[in-house]
Amino acid sequence: MSSKSHATLRYTSMRVSLFGACFVVALVLAHFGVLPVTAGISGVFLLLIISGLVSAPLSYVLLSRQRDAMSEQITTGLEQRRAKPRPAGMKQRIAAQAAAEDALDDAVRADRA
């Protein structure tokens, strides 16, 4: 199993972990009064926004290698899917079924005439 087989899962888990760490730091700072946050739902929402604003540039800088590996994994997967021969698509199946139905309808009308 290569190290790039789970690149998307690795990047996502690292990004969520970074967000969680930023949230915990913001929560501690709010607890000690460094961040002036009101109590209740609005305070938690503000901490979530602060955590998102801090973790986004951090993840952009710190997780660039994992993001590149994820991008390569996705690109490789798409290229492999495009290279495989595809079975008949939905349009071809609908057209074949419509032609069979038309032939049956024409045969029934010919019998009535």
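Me: Which side chain meets that of Asp-105 in a salt bridge?
Reply: This is a predicted model, and by the rule that a side-chain nitrogen of Lys or Arg must lie within 4 Å of a carboxyl oxygen of Asp or Glu, the count comes to 1 salt bridge. Asp-105 takes part in this pairing, in which the distance from N to O is 3.2 Å. The side chain that meets that of Asp-105 belongs to Arg-109.

Me: In which helix do Asp-105 and Arg-109 both lie?
Reply: The two residues are 4 places apart, about one turn of the helix.

Me: At what angle do helix 1 and helix 3 pack?
Reply: Two packed helices are described by the angle between their axes and by the distance between those axes. Helix 1 covers residues 7–31 and helix 3 covers residues 64–83, and their axes are 8 Å apart. Helix 1 passes helix 3 in a left-handed crossing, and the packing angle is about 145°.

Me: How many residues in the contact of helix 1 with helix 3 are nonpolar?
Reply: On the side of helix 1 the contact is made by Ala-7, Thr-8, Arg-10, Tyr-11 and Met-14, while helix 3 brings Gln-66, Arg-67, Ala-69, Met-70, Gln-73 and Ile-74. When the residues of this contact are divided by type, 3 are polar and 2 are charged. The number of nonpolar residues is 6.

Me: Is Tyr-11 buried or exposed?
Reply: Tyr-11 is found in helix 1, and it touches Leu-63, Gln-66, Arg-67 and Met-70, leaving aside residues up to four places away in sequence. Because the relative accessible area of Tyr-11 is 9%, under the limit of 20%, Tyr-11 is buried.

Me: Which residues does Gln-66 touch, not counting residues up to four places away in sequence?
Reply: Gln-66 has its place in helix 3, and with a relative accessible area of 18% it counts as buried. Leaving aside residues up to four places away in sequence, the residues that Gln-66 touches are Arg-10, Tyr-11 and Met-14.

Me: What is the relative accessibility of Ser-59?
Reply: Ser-59 lies in helix 2, which covers residues 41–62. Beyond residues up to four places away in sequence, Ser-59 touches Arg-15, Leu-18, Ser-64 and Arg-67. Ser-59 counts as buried, and its relative accessibility is 2%.

Me: Where is Pro-85 found?
Reply: Pro-85 is exposed, with a relative accessible area of 77%. Between the C-alpha atoms of Pro-85 and Ser-5, which are 80 residues apart along the chain, the separation is 23 Å. Pro-85 is found in the loop between helix 3 and helix 4.

Me: In which helix is confidence highest?
Reply: Where pLDDT is low, the predicted coordinates should not be read in detail. The protein averages a pLDDT of 88, and 94% of the residues score at least 70. Confidence is lowest in helix 4, at a mean of 88, and the highest value, 94, belongs to helix 1.

Technical notes. Residues are numbered from 1 along each chain as its sequence is written. Side-chain values use heavy atoms; hydrogens and water are left out. Axes are lines fitted to C-alpha atoms, for helices over the stretch in contact, and angles run from 0 to 180 degrees between N-to-C directions. A crossing is left-handed if the near helix is turned anticlockwise from the far one by less than a right angle, and right-handed if clockwise. Contact means heavy atoms within 4.5 Å. Ala, Val, Leu, Ile, Met, Phe, Trp, Tyr, Cys and Pro count as nonpolar, Asp, Glu, Lys and Arg as charged, and the others, Gly among them, as polar. Buried means under 20% relative accessible area, exposed over 50%, partly exposed in between (1.4 Å probe, protein chains only). pLDDT is the predictor's confidence in each residue, from 0 to 100.
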